[in-house]
Amino acid sequence: MNRPHIGCDVGLCFLNYHNSVAEERNIRMIAFVLSGGGNRGALQGGAIKALLERGVFPDLIVATSVGALNGVTLATNPTVTGARRLAASWPLTRRNDVFPGNALTVGWRILSGRGSLHGQENLARFIRRQVPTHMRRFKDLKVPCIVTATSLRTGQLRLFSSDANELLLDALLSSTAIPPFYPPYRYQDELLADGALVANLPISQAIMRGARTIYTLEIVDESSAGAELGMLGTLASSLNAMLSRQHAQERQITALGRKRGVVIHDIRLTSGQNLAYNDFSHGAELVAAGERATLAYLDAHPAAPAWSLASLFARTSHAIVTPAAPPAPTMPAAWWWNPLHAHVAHAEEAVPTHGVA
């Protein structure tokens, strides 16, 4: 019997298919990789809507920081309807949902040694509103999603999803804990911070899990030359410079991936304006900008016809014998190759609305 096996070469692990049906149909595991970007995450909301409306559906999502919030929300309902709901939630987001308080409360937190400018209590409530109540753990998601955080003890990525019973809330509060805006998140006797500190666009995590076509949704805004920066603006710009540096290192890995036949679609998203880190008043504009940029990219780079794994199982699952799931280094085995997860990627089932109040 022909079975898929894992082929490993120079740190890249991907599935090699001996099934002639799979080869003839040009099956490619499609991954979305979402960067961090704070309050500009609305750009990704518009980009995701554009991709799914054009028929591009993910088999895997890898995301960090605000990209993790968008990625997990999409993974709960990876359909056109779900993408539209995600995009529609961003214009409803308010500053108090994410960064509560004012100059006085921020000053009090600094003077009292709280370790951050804001607490995460409001963000936790915001996440609970975004994620459907019946989806609390990674095993509940309809598409596998890897959320990255940074271990302050080791300085390495801490990947959420290897344990399917881990709570989505823990993962998202860890992945978005960007200092000094939020305090590190304590989880299992370890302090975790924003995953973007190590890999703002963790493409290698998608390549290592077999993705053959990757759509990166990277937020790349930069401060305009000569712009007046206060203390927080200077801090934010310094963080962006650090993220740009480690992103260049991640790109070296993608070059090797391309040599191995991985198709990477770089969709860069920009707001075109200098926004304060806690300014959420431009959600609708950012969603529209992200959608325009993605549609322009798709029009300029038409993809060759290809089936994603989700598309294959949605159409031909009756003709495919489900193989034994090979072990995955950091993902649950059931997610490495599981038609039950892939099968629902295009089903427009009725899902309760959980927009942001």
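Strands E5 and E6 form a hairpin here with 5 residues between them, and in the turn Gly155 has a positive phi of about 75°. Strands (E, at least two residues) and helices (H or I, at least four residues) are DSSP runs, numbered from the N terminus.

The model is predicted: local features need pLDDT of at least 70, side-chain atom pairs count only at pLDDT 80 or more, and totals for chains, interfaces and linings use all residues. Residues are numbered from 1 along each chain as its sequence is written, and side-chain values use heavy atoms, with hydrogens and water left out.

**The hairpin and the loop after it**

Colour E5 (residues 145-151) and E6 (residues 157-160) separately. The two strands pair in the antiparallel sense over 4 bridges; pairing requires that DSSP finds at least two bridges between two strands. Select Thr148 next, and Leu159 in E6 will be found opposite.

Proceed to Ser161, in the loop between E6 and helix H8 (168-175). Phi of Ser161 is near 130°, a positive value in a residue other than glycine. Most residues other than glycine have a negative phi. Is Ser161 buried or exposed? Ser161 is buried, with a relative accessible area of 0%. Buried means under 20% relative accessible area, exposed over 50%, and partly exposed in between (1.4 Å probe, protein chains only).

Select Gln188, in the loop between strand E7 (185-187) and strand E8 (190-194). Gln188 is not a glycine, yet has a positive phi of about 50°. With a relative accessible area of 54%, Gln188 is exposed.

**Helix H2 and its surroundings**

Now select residues 42-53, which make up helix H2. The helix has 12 residues and reaches 17 Å from its first C-alpha to its last, close to the 16 Å expected at 1.5 Å a residue. That expected span is 1.5 Å times one less than the number of residues. Of the 12 residues of H2, 11 are buried; among them are Ala42, Leu43, Gly46 and Ile48.

What covers the buried residues of H2? The cover includes strands E3 (30-34), E9 (213-219) and E10 (263-269), together with helices H3 (66-76), H4 (80-89) and H11 (283-300). Just after H2, Gly55 takes a positive phi of about 90°.

Display H4 beside H2. Their axes come within 8 Å and cross at roughly 160°. Axes are lines fitted to C-alpha atoms, for helices over the stretch in contact, and angles run from 0 to 180 degrees between N-to-C directions. H2 and H4 are therefore roughly antiparallel to each other, a term for angles over 145 degrees. Show the side chains at this crossing: Gly45, Ile48, Lys49, Leu52 and Glu53 in H2 meet Val80, Ala83, Arg84, Leu86 and Ala87 in H4. Contact means heavy atoms within 4.5 Å.

**Leu69 in helix H3**

Select Leu69, which lies in helix H3. Leu69 counts as buried at 6% relative accessibility. Not counting residues up to four places away in sequence, Leu69 touches Phe126, Ile127 and Leu172.

**The whole chain**

Finally, show the entire protein. Its secondary structure comes to 14 helices and 10 strands. Of its 357 residues, 54% count as buried. Among contacts with a separation of 6 or more, residues 24 or more positions apart account for 78%.

Key: Parallel < 35°, antiparallel > 145°, perpendicular 65-115°, else oblique.
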